Amino acid sequence: MKALILVGGFGTRLRPLTLSVPKPLVEFANKPMILHQIEALKAVGVTEVVLAINYQPEVMLNFLKEFETKLGITITCSQETEPLGTAGPLALARDKLIDKSGEPFFVLNSDVISEYPFKEMIEFHKAYGGEASIMVTKVDEPSKYGVVVMEESTGQVDKFVEKPKLFVGNKINAGIYLLNPSVLDRIELRPTSIEKEVFPKIAAEKKLYAMVLPGFWMDIGQPRDYVTGLRLYLDSLRKKASTKLAAGSHIVGNVLVHETAKIGEGCLIGPDVAIGPGCVVESGVRLSRCTVMRGVRIKKHACISSSIVGWHSTIGQWARVENMTILGEDVHVCDEIYSNGGVVLPHKEIKSSILKPEIVM
Amino acid sequence: MGSSDGKVVAVIMAGGPTKGTRFRPLSLNIPKPLFPLAGQPMVHHPISACKRIPNLAQIYLVGFYEEREFTLYVSSISTELRVPVRYLKEDKPRGSAGGLYNFRDLIMEDNPSHIFLLNCDVCCSFPLPEMLEAHKRYGGMGTILVSKVSAESASQFGELVADPVTNELLHYTEKPETFVSDRINCGVYVFTPDIFTAIQGVSSQRKDRANLRRLSSFEALQSATRNPPSGFVRLDQDILTPFAGKKQLYTYETMDFWEQIKTPGMSLKCSALYLAQFRFTSPNLLASGDGTKNATIIGDVYIHPSAKVHPSAKIGPNVSISANARIGAGVRLISCIILDGVEIMENSVVVHAILGWKSSIGKWSRVQAEGDYNAKLGITILGEAVAVEDEVVVTNSIVLPNKTLNVSVQDEILL
């Protein structure tokens, strides 16, 4: 089976992290974002994954070589020379997605994390016999997204409404599709939107079905949702009784600590924390609801909450970092500094406190 | 003192990518020394000034950037100006004087009698031949270019006091907290090779003191910045300050413009200063037009030969348009830098802004700022490939590369 992952553009919403690394390679729960999806695809028998990209192919290609061998799955890139929207890339990668088997192929939006119930989706697609099946997920605020209006009993999709002003439904497009090869005949090689142009046609022919996604869902393309997403992901790990989660008297709630990270005495870590490889957390540190990327050093008595600390940064003694502070690569927060929502670009030193959310270039 | 026919080597300090983050977001796409001012890369201006020095043998560009970032530029400027220019990459921070000392063998290869040291991000008229003449008359180890500034702004720089008759440097302080003088260090120097001996002296003195210091553990608690490692020699604090008043260092004052290009806002100001200078030194570089065959030009404007400007547009004052830009009908540009490949559609207005490479500005849109060169958001800056859609207004904002603006923004930084 084949799959296409829409990686797309520059990941500007995840800056400053994406100033150092292309978005699919930014780690989430200590694993590159895209690897979560590729591993789940491999688990249901996908043998080839095509990444639709239009940015930094060299960095991506190096990553792919490494993981192709580790995972035993073929990973190729399909590079857009102009942005092709959400459907155009499928036409561009057509030859890679169709083979004689006539099997359906997966299409995923690279920013989405969930439990990836791909096996259930394959069964759903077979059972309902549609031309295309999409995952939908229930949200509290549907007008932030594209709402899928569907017939609850039959699972048939009626129409799509983008960011509706009035309530039309609470199920939104989760960005996970399973498509028959015939869908490719509907897509021209030009900038095309799958929600606005392709799916509505299939829905009109009553051949589009929607499956409600079991478990959690999050679009982690921006920092606030990344932090929330980590909570959902770790929660899901806990439910599966995963041994990956950390345990100990200094751990509260769900915490992921890489095996090469070191944690000092008298710390309190959690809930909802991920600590990356090679990190050093000195004694007396409090961490909650945060992600600490590879190679970070957090000095004594510091306190971090609801923030992301970028690769190889350092947090000074008694520093307090909170409220969606996002530190890019190689940022050094001096001792005793306070950051309330500072967004700091790579290679900076923070010598004075940031009292209200601001961007530091 | 020294042979008057001796060769001269010029060293231009270019800085590096992790230093000077104040030049972001423009420095995210290009090394600061290559950012264009008045249509030419920033470093081009001191390099062409060096060309006027008699007996110039070699120009070295020294920085922390990767060599490949300067390969193309260095080879093309060497050919264009017919003087050898070479980029040297520093491997670790050694301070401004330490960096010079690090490359002394290369510098002394041509056996120069005099060595110029210039900071790449200085904007001035570079009166280098006159400075050299004055230096030879004074007969010291070095001569510093100085300028008079307002008393309030002087504390941002190195302040100095010079003897009004002999022009000897009597006193030098870097960024003092209290007022010392309104004469400041312009970051342009000429030395005799004795400077290397002086730097070595400072370096070994520091090594000796460091050895003594190891005996006291209390001293070890002091912060590293006050006691830099022995190989680290700063020109200002370690050479100028101690050698002042010893009849070794002299000053040469420039009455022309002088600015430092630390921020994108300042690059717009300095581009205007160089454009004004072109009017005297190379008026053929400036554009002209009256709206009949060519666009209407007001004041000092540079337009690259490959740029296309619609005749109904009105451009200037203080506008610089780079290669392959396309300016549509009825466009008004005031005080801005338009970089390579930018497309500006009909009837738009751009005032006090820098538009990044390959950006596009829609019809009837307006990209503007208040024009305060020193304020954080005083000049609107669009990074590489930013798209501003039709009729959108962007005011006092900074937009990082690859963003599309379909609603108006004001006073914002958009990552």
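Here is a walk through the interface of chain B and chain A, and then through a pocket. This is a predicted model, in which local features need pLDDT of at least 70, side-chain atom pairs count only at pLDDT 80 or more, and totals for chains, interfaces and linings use all residues. Residues are numbered from 1 along each chain as its sequence is written, and chains are lettered from A in the order in which they are written.

Let's start where the chains meet. With contact taken as heavy atoms within 4.5 Å, 13 residues of chain B touch 13 residues of chain A. About 1200 Å² is buried between them, and carbon and sulfur atoms give 62% of that area; buried area here is the accessible area (1.4 Å probe) that two parts lose on being put together, summed over both. On the chain B side, Arg24(B), Asn402(B) and Leu415(B) lose the most area to chain A, together 49% of what that side buries. What kinds of residue make up the side of chain B that touches chain A? They divide into 7 nonpolar, 3 polar and 3 charged, where Ala, Val, Leu, Ile, Met, Phe, Trp, Tyr, Cys and Pro count as nonpolar, Asp, Glu, Lys and Arg as charged, and the others, Gly among them, as polar. Across this interface there are 0 salt bridges, a salt bridge being a side-chain nitrogen of Lys or Arg within 4 Å of a carboxyl oxygen of Asp or Glu.

Now turn to the second largest pocket. On a 1 Å grid over the protein atoms alone, a pocket is an open set of points where a 1.4 Å probe fits, with protein on both sides within 12 Å along at least five of seven lines, and lining residues have an atom within 4 Å of a point. The lining divides into 16 nonpolar, 19 polar and 13 charged residues.

Note on methods
Heavy atoms only, no water.
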